[in-house]
Amino acid sequence: MNPLQTLRVAIRALLRNKLRSFLTTLGIIIGVSAVIAMVAIGEGAKAQVEASFASMGSNLLVVLPGSTTAGGQRGGFGSMPTLTWDDLHAIRTDVPTVRYAAAQLLSEDQNWNTSVYGTTTEYFQIRNWPTASGSPMTDSDVDAGAKVVFLGATVVEKLFGANADPVGQVIRIKNIPFEVRGVLVKKGQSPTGQDYDDAAIVPLKAFQTKIQGGLSQFIGGVIYVSAYSTDQTAKAEQQITNLLRDRHHIGPGSDDDFSIRNLTELASAQQQGTETLTTLLASIAAVSLLVGGIGIMNIMLVSVTERTREIGIRMAVGASPGNILAQFLVEALTLAIAGGVVGIALGVLTAERLASQFGWPMLIRPDIVVVAVGFSAIVGVVFGLYPARKASRLDPIDALRFE
Amino acid sequence: MSASPGPKLPLLVLRDVTKVYRMGDVEVHALRGVSLDVSEGEFVAIMGASGSGKSTLMNIIGCLDRPTSGTHVLAGEDVSQLDRTALARTRNRMLGFVFQSFNLLSRTSALENVELPLLYAGVPTRERHERAKAALALVGLGDRLGHHPNQMSGGQQQRVAIARALVTQPKVLLADEPTGNLDSVTSDDVMAILQRLSRTGITIVLVTHEADVALYAERVVVMKDGRVQSDRAQVPRRPAEAVPAAAGGAS
């Protein structure tokens, strides 16, 4: 008997008990669709986290002035300006793993509800933040202290309304007119919910001279650093720490007078969190697949007993134990794979609905689909094997006599 | 007279065949040394009371069971110690079965029931259909191909079973109480078909406890207590005149 005929016989046998076959398959359907939907949800959450970290910048380290803990008392960053322009220069030139470094000065004007930053051209590289319209900041803007400003999408919306193009217009910052030179690409929210696009960026020199004077040698803000690659962020963090401790003459055992935030590490920690969640959800779903498999085994055992006489007849006319084994195995496998296929459809639909509900990207991983179907086929074989073996080992004489 | 002409090659050879069943601590000797030769084309009836060992003998001849000792040679091949798969192949190629309770697959058409042995023989679909149709026509059911067993009378079901046994063109047709579930008129009908088949050269081994039925055979082997009690040739009975011809007038 060739495989196709075996399949046909199996399908006919299953169609004889349509309701029973459907209910048996339901276990697998639920299992497979749950696995797919759960993994899709996990992947969606992961993509969400990834996107929010990616929008912060690539391979990002932020160096903050002031120690985070001093004598048991926590001083917020910026509580004491300890970073100098020479430090920035040293980071840029002396640390081999550092690709870009730029100061970000923050206007401390409390009346102004948009953050105004002063910085240099590298900043846009570090933050991975190109201009959407207009032109990007140039080195000559920085050197000349040009009174130009680059606006985030939220600021544009607040000042000019949605879809407006403010390039060339003039806005006033601390009563000083700045020409809008470019609008930055929309970045969205930070992992903590802060709106990145609520920002106006001016060249460093203009910021220092027009918006916030003083502090000459110290940086009134933070340093953004971009390492060459994600793997190198930890190394860069170490190298910068060593450099700054050396430059600030901090002896062994004393606390740093600065702190470094490694956002890549933070991101990977978050990602691990969502991955753990995905694994957890998927394994719960996998358990239901297992339960579905037990359902198949149960029904196949009933079926073998019910059809003992049929097995006897088939054996009498020449079915070998192998033929009988194949027949029942293929029946179990057909149930499992049919369940798998319907389960995929259901899982994808569920994932789609959930994704649109949470506003996440819909991410069906093709490998998970393959794994889910493969797994349900394995379930079919594993749980079909015992009943099929039982059928194939029946004694034809006893089977024929079975009432 | 239409008796087969003289002895032919021994198709079936049993030598000192014993069969011992173990039921708990008790050993049951179903066969205690049976030797039997059946030539090609013979129509042999095996008779005996229940417990005489005739069913056990039938199972061994039918390759459904293996002897505990002794040899069983079928068409020149020793089949006494074959494994289950090889026995299945032997049944498929050499033997056809007709049972007392018909043993057709329910909810399956007559045609598909008859095709079943060919399915396991690996016969291609088209040829399978043709051969199954021809076999059903031979037993007078050419117009009932699509009927299911529950739509047919006992006699018709048994004829489907005979068609199924014949479709592989077996060396031996084994009939185990083929008339046990049939009324006397239908019994005659079925026995007439078997007799007609015998005349075409097929070897038939019939197991029965009814003397009436055994009369249709050319040779009667009587079993008692697991041994052959008697083995004699006879002039077979002609089918009753009143039987409606099953498949057109047999010559």
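Modeller: Two strands pair if DSSP finds at least two bridges between them. In this predicted model, β3(B) and strand β9 (residues 219–224) of chain B meet that rule with four bridges, in the parallel sense.

Biologist: Which residue of β9(B) is the bridge partner of B:M47?

Modeller: B:V222 is the partner of B:M47.

Biologist: Which way does strand β8 of chain B run relative to β3(B), and how many bridges join them?

Modeller: β8(B), residues 203–208, runs parallel to β3(B), and five bridges join the two. Within that pairing, B:V205 of β8(B) stands opposite B:V44.

Biologist: How many residues of β3(B) are buried?

Modeller: A residue counts as buried if 20 or more other C-beta atoms lie within 10 Å of its own. In strand β3 of chain B, spanning residues 43–47, five of five residues are buried.

Biologist: Which residues lie on each side of β3(B)?

Modeller: B:F43, B:A45 and B:M47 are on one side, with B:V44 and B:I46 on the other; both faces are covered.

Biologist: Turning to chain A, how is it divided into domains?

Modeller: Domain 1 takes residues 3–53 + 269–401, and domain 2 takes 109–211. Their C-alpha centres are 56 Å apart.

Biologist: How many residues of the two domains are in contact?

Modeller: Four residues of domain 1 of chain A contact four of domain 2 of chain A. On the domain 1 side, helix α2 (residues 18–54) of chain A gives the most, with three residues. That side of domain 1 of chain A has two nonpolar residues, two polar and no charged.

Note on methods: Residues are numbered from 1 along each chain as its sequence is written. Chains are lettered from A and ligands numbered from 1 in the order in which they are written. This is a predicted model: local features need pLDDT of at least 70, side-chain atom pairs count only at pLDDT 80 or more; totals for chains, interfaces and linings use all residues. A residue is buried if 20 or more other C-beta atoms lie within 10 Å of its own, exposed if 12 or fewer, and partly exposed in between; C-beta atoms are placed from the backbone. Domain bounds come from an automatic or database domain assignment. Two residues are in contact if their C-beta atoms, placed from the backbone, lie within 7 Å. Ala, Val, Leu, Ile, Met, Phe, Trp, Tyr, Cys and Pro count as nonpolar, Asp, Glu, Lys and Arg as charged, and the others, Gly among them, as polar.
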